[in-house]
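Here are my notes on the model you sent over. Have the structure open while you read them.

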Amino acid sequence: MVRAEGLVKTHHGEGAPVTAVRGVDLTVERGEFVAVTGPSGAGKSTLLHLLGGLQKPDSGRIWFDGACLDPYGEARWAVLRRRRIGIVFQFFNLVSNLTVADNVELPALLAGRGPKRARADRAELLAELGLTGKERSMPGELSGGEQQRVALARALVNQPDLLLADEPAGSLDSRGTREVLRLLSRFHARGQTIVLVTHDARMASAADRVISFFDGRIADDAALEPGAPGAAARPGRRGGGVAGVLELRD
Ligand SMILES: Nc1ncnc2c1ncn2[C@@H]1O[C@H](COP(=O)(O)OP(=O)(O)OP(=O)(O)O)[C@@H](O)[C@H]1O
């Protein structure tokens, strides 16, 4: 589904430049659920942003569904994000002055779906995510867990090939976390390809595969047994095993 080769990214902020991603090769197959875990500052979010085209690598290449994105300008990435990549963030990033319904319909309309289809898709997803009745609410009137479900509906409304999730339960309580986990697992069971950045070992254990990120590099890449409760995993593809991976949380 997505392949990255030799990704490097240095941030130039206020202080000294920080190289957050230092030469990453990664392939995510269609239908895979990959968790990226690792200590704070390891570069996980930067990697996710590169995969979603939210940031550009300094070097390296990304293929999406077989097509190299190198030559694509920002406009091409924007189309891809609109139609084929859904993204959820820790702090939801909903449009605060739009209703729940409008937040979810907007990406469908931007992707060129007619209003009728956008309404139908939005209604179906909100029902599935337990949000029927909240259509006219404003995001600020919802709980964190509800807002994240709206964000998930927004990310999924165009049936993206790839869902990127950056700490989607990072600001939720344990109930909200369980709910997000349940929903990600449900969509994955239907074939949704997911790349999830998380500090939460329980969330990571729902994935097929856990990538441990450390100091801008992949330190370990381990397949999990289906349904295994995190620690019970096959040996890592590159050695190390998942038990160590799940310890790499801060
Ligand atoms: N826009 C930016 N400008 C400057 N430095 C940045 C920027 N974004 C990230 N960094 C730095 O790059 C490094 C990696 O950050 P990143 O957010 O990718 O790590 P992370 O593993 O996702 O961390 P966390 O788990 O705390 O979110 C950190 O040192 C961070 O301070």
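Predicted model: local features only at pLDDT ≥ 70, side-chain atom pairs only at ≥ 80, totals over all residues.

1. Residues are numbered from 1 along each chain as its sequence is written.

2. Around the ligand sit His-11, Gly-13, Val-18, Ala-20, Gly-38, Ser-40, Gly-41, Ala-42, Gly-43, Lys-44, Ser-45 and Thr-46. Two elements give two or more residues each to this shell, β2 (18–28) and α1 (44–51); helices (H or I, at least four residues) and strands (E, at least two) are DSSP runs, numbered from the N terminus. The largest share, 3 residues, comes from α1.

3. Now the strands, which count as paired if DSSP finds at least two bridges between them. β1 (residues 2–11) runs antiparallel to β2, with 8 bridges joining them, and a hairpin of 6 residues connects the two. Arg-3 has Thr-27 in β2 as its bridge partner.

4. Have a look at Val-197, in strand β8 (residues 193–197). Val-197 is buried because 28 other C-beta atoms lie within 10 Å (the cut-off is 20 or more, with C-beta atoms placed from the backbone). Beyond its neighbours within four places in sequence, its contacts (C-beta atoms, placed from the backbone, within 7 Å) include Lys-44 and Ser-45, both of which also belong to the residues around the ligand.

Methods:
Near = placed C-beta within 6 Å. Buried ≥ 20, exposed ≤ 12 C-beta atoms within 10 Å, placed from the backbone. Contact = placed C-beta atoms within 7 Å.
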